[in-house]
Amino acid sequence: MRFPLACGYHALFHDSTLLFSRSSGQLGINIHVLEDSLRRELLTNSEYRRQSVVYLVGLEITQSQLDIFNNQGFLQTIAGEFGEVQFDVLGIDIVPNSGQSQPSIWLRLRATKIGMAENWELFLEKMRKLQSNFGLARIHWLAIGHNFEPELAETALHLVFKPWHVEGEWFNLSPERRTLAVERMINAHQTYAQQVNGVGGLLFVCGRANYPTDYLTPLNGPDIGWVYAAWPNFDHADVQAMLAIVNEGANGVHGFHQDQVDFVTKTIQVTKIGSTNDPNARVRRYLWASCLTDSFHVGASQSRSLRPDERRRQASILSIPVGAPGSRPILPPNSPHVSGEWMRCTGPQRQNVVTDTQNELHNHALPANQGIIHREAFHVTAGADDRNAMLHW
């Protein structure tokens, strides 16, 4: 299947968060939808195997789910902090004091992640890991295969969109700015590709990650480690705003729809229940994958019977019997399960993951920890000559 990137608005999956637009003209490219035959070709064709990949990732949520966060109840950004000021493509403020405050969560949910992979195989694996580490919603992506050095295209786009930086590799990009990313790659390829890395075309591929909605009982594994609960650390004002929506429910005074209430409930309650030998390192993976916050709560208790304890904690939250390793039990109606090992949890349920594990007789005298893990600093750096070349692609 092929979709042309043409005039007006183009949605890869008829959603609100990964749109592209162009005011006039046509880019003259085809976007290939990832299917089994194309996947095989990407992994086996010698021309494609030489390509590096730069990609744009968005969240597959509806406009209605996004709009519920665009109200005054949520914490507002400082004007311009996340790109509300109107900039030109070189980052110059062309309309002084034009920034409009917007709710932070609303901006984050519509953000775009820009990243890279050294080849298509590593890219596909990175999308699998990205989805596994982000449980709130399915991700979808546009990937561009190219013949530049692997980090060159990524750094160039990071620099172009630096004025709209949100968090980590996430940027507040409008449909026009995403289209600019595609235009920059086309222009760079036409100008530099043959000089840098020989003849080879750009390849545009779109797809969506696997988002399992069934529950897989954890397999057997190490005997000793940590059972943990991890969840996004929202500002108190945002927590109160979300609780107000959840408590009012659908069709109340403010006319919230049921899908909006359900999505807000999932956002405030989504929690990863898992096991690992290093909770802090594991949570940093969720920060890498998340656009929601710059920090995560984590509560963890050490265990001498790691996977059985993990299975018991998950089964308790899901209100199901403890299943055999690798089984896929049938979940009850309205189950709190979200995807993979992500599930909706109340505050007491999160705390019980720690205390119930600590109270197991076989875990007597083992430690437990609770705290907040912050995202590591992210800086876009490049030499002056490289920066000038990249910005003028």
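Helices, here DSSP runs of H or I with at least four residues, are numbered from the N terminus, and the views below are all taken from a predicted model.

**View 1. Lining of the largest pocket.** Helix α5 gives the largest share of the lining of the largest pocket, namely nine residues. The volume of this pocket is about 1200 Å³, and its lining is made up of 41 residues, of which R128, K129, S132, N133 and K272 lie nearest the centre. Two or more lining residues come from each of the elements α5 (120-132), β12 (270-276), α10 (279-289) and α11 (306-318).

**View 2. Strand β7 and its burial.** Strand β7, which spans residues 139-146, is mostly covered, with eight of its eight residues buried.

**View 3. Strand partners of β7.** Strand β5 (residues 52-59) pairs with β7 in the antiparallel sense over eight bridges, and within this pairing S52 has H146 as its bridge partner. An antiparallel pairing over six bridges also joins β7 to strand β10 (residues 203-208), where F204 of β10 stands opposite I144.

View 4. D238 has its place in helix α8, which covers residues 236-248. Although D238 is buried, it has no salt bridge, and R108, the nearest side chain of opposite charge, is 7.2 Å away, whereas a salt bridge is counted within 4 Å. When residues up to four places away in sequence are left out, D238 touches F74, L75 and I105.

Key:
Residues numbered from 1 in each chain as written. Predicted model: local features only at pLDDT ≥ 70, side-chain atom pairs only at ≥ 80, totals over all residues. Heavy atoms only, no water. Buried < 20%, exposed > 50% of the residue type's maximum accessible area, 1.4 Å probe, protein only. Lys, Arg positive; Asp, Glu negative; His and termini not counted. Contact = heavy atoms within 4.5 Å. Pairing = 2+ DSSP bridges. 1 Å grid on protein atoms, 1.4 Å probe; cavity = no way out; pocket = protein on both sides within 12 Å on 5 of 7 lines; lining within 4 Å. Points joined across faces, edges and corners; volume = space filled by probe spheres on them.
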